[in-house]
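Welcome! Take a look at the sequence and the 3D view first, then read on.

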Amino acid sequence: AKPTTGGVAIFLTLIIGGIIFLFLTTTPISTWTYRLIFATFIAFAMGYYDDTSSVRPFYKLIFQLVCAMLVVDETHAFTFFEDLTFLNQIISIIWVVGLMNALNMLDNMDAVSGGVGGIISFGLGILSFLVIGEWTFIPLMLITLGCTMFGFLLLNWHPSKVYMGDSGSMALGLVLAAGSLHVVGLQSQAPTYIKVISLVLFFAIPLLDTTLVT
């Protein structure tokens, strides 16, 4: 019977942070970043509707696939197969949808989704900053999301007073998945196994939890 409105606060914080960074950053905002913002809004809206009215799993999957296809492209995808770009993008879409559901599953336990989400957000944000060498929009938003998660933890720590709900967990999973693909794109010269190992280390807890639940 605990409220699941934490996602609303998380989403509003991301909006406020995004507007501030649009004025602060001197680097032009890429088309992919705008697609990520739009996809995040779709994920939040779908999750919020599911929290308030319930969405059938089939329709939820359709919305998740739409979000994934918005953030996956040639430069934001895994590169397991050099000459099979389409297959790489299919695997990346499955990765995005899987993480959206993985973070959603973690939201039924006190402090897990916020703690894991915060650590991954900070890790991806710092890693992308180190690779780029400057604070562009994506690293700043990932750090903002990490701060938001730890703010959320103040009310989500055991015994929790609020959960983030589908509206928060879906948006969180999408942003983290997109952030991981962004880092993969930045590490274009790194060997594939290095990329895979780094992402497995970042997302070990949600991946393990999803495997056990399945």
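**Around helix 9**

Leu208, Thr211 and Leu212 are the exposed residues on the face of helix 9 that is turned away from its buried side. Here, buried means under 20% relative accessible area, exposed means over 50%, and partly exposed lies in between (1.4 Å probe, protein chains only). Please keep in mind that this is a predicted model, in which local features need pLDDT of at least 70, side-chain atom pairs count only at pLDDT 80 or more, and totals for chains, interfaces and linings use all residues. Residues are numbered from 1 along each chain as its sequence is written, and side-chain values use heavy atoms, with hydrogens and water left out.

**The buried side of helix 9**

- Pro206, Asp209 and Thr210 are the buried residues of helix 9.
- They sit on the same side of helix 9, because they cover an arc of only 100° around the axis (the arc is that of the directions from the helix axis to the C-beta atoms).
- In general, an α-helix has 3.6 residues a turn, so residues three or four places apart point the same way.
- Helix 4 and helix 5 (112-132) are included in what covers the buried residues of helix 9.
- Helices (H or I, at least four residues) and strands (E, at least two) are DSSP runs, numbered from the N terminus.

**Helix 4 meets helix 9**

- The axes of helix 4 and helix 9 (residues 204-213) cross at roughly 80° and come within 9 Å; axes are lines fitted to C-alpha atoms, for helices over the stretch in contact, with angles running from 0 to 180 degrees between N-to-C directions.
- Helix 4 is therefore roughly perpendicular to helix 9, a label for angles of 65 to 115 degrees, while under 35 is roughly parallel, over 145 roughly antiparallel and the rest oblique.
- Helix 4 brings Trp95, Leu99, Ala102, Leu103, Met105 and Leu106 to the contact, and helix 9 brings Pro206, Leu207, Asp209, Thr210 and Val213; contact means heavy atoms within 4.5 Å.

**Two buried residues to look up**

- Ser92 is found in helix 4 (residues 85-106) and is buried, with a relative accessible area of 0%.
- Beyond its neighbours within four places in sequence, Ser92 is in contact with Val72, Ala77, Phe78 and Leu181.
- Ile120 belongs to helix 5 and counts as buried because its relative accessibility is 1%.
- Not counting residues up to four places away in sequence, Ile120 touches Leu176, Phe202, Phe203 and Pro206.
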